[in-house]
Amino acid sequence: WTSGQNYVYAITSTSVVQVPIEQCSTFTGCLSCAANVNPLCGWCTVEQKCSRRSQCQNSTISSRWVQGNTSQCPSSSSVTPTTFTLERQTNITLTISSGLPSPLTGESFL
């Protein structure tokens, strides 16, 4: 183990192997990231990525960084209209049923 580093070293009689202590980026969605057993990884809801808490903007605010509880993952309940054409401008309504991060002071969701 190296202090302040991101690796642990495994030593055998013939070699030394450097192994990352976390591979958060291998998880591509909130459900798989929040459910993984690595205590260093969690889902950054604002940046939509699996990362270490220190790499997630405003991660100390409730629901901005999700770990171990997949029920906190953002989930959409409806998209209206369900189909549309790219040939003309269309307003789309996305309804989020759970897991939306809390807005910061001065921020709002429309």
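A: Happy to! Let us start with Cys30, which is buried, having a relative accessible area of 10%. Buried means under 20% relative accessible area, exposed over 50%, and partly exposed in between, with a 1.4 Å probe and protein chains only. Please keep in mind that this is a predicted model, where local features need pLDDT of at least 70, side-chain atom pairs count only at pLDDT 80 or more, and totals for chains, interfaces and linings use all residues. Residues are numbered from 1 along each chain as its sequence is written, and side-chain values use heavy atoms, with hydrogens and water left out.

Q: What does Cys30 form with Cys73?

A: A disulfide, that is, a pair of cysteine sulfur atoms within 2.5 Å. For Cys30 and Cys73, the sulfur atoms are 2.0 Å apart. This pair links distant parts of the chain, 43 residues apart: Cys30 lies in helix H1, and Cys73 in the loop between strands E5 and E6. Helices (H or I, at least four residues) and strands (E, at least two) are DSSP runs, numbered from the N terminus. Cys73 is buried at 5% relative accessibility.

Q: Is the link of Cys44 and Cys56 left-handed or right-handed?

A: Right-handed, with 75° about the S-S bond. By contrast, the link of Cys30 and Cys73 is left-handed, with -80°.

Q: How many disulfides does the structure hold?

A: Four. With the bonded cysteines numbered in sequence order, they pair as 1-4, 2-8, 3-6 and 5-7.
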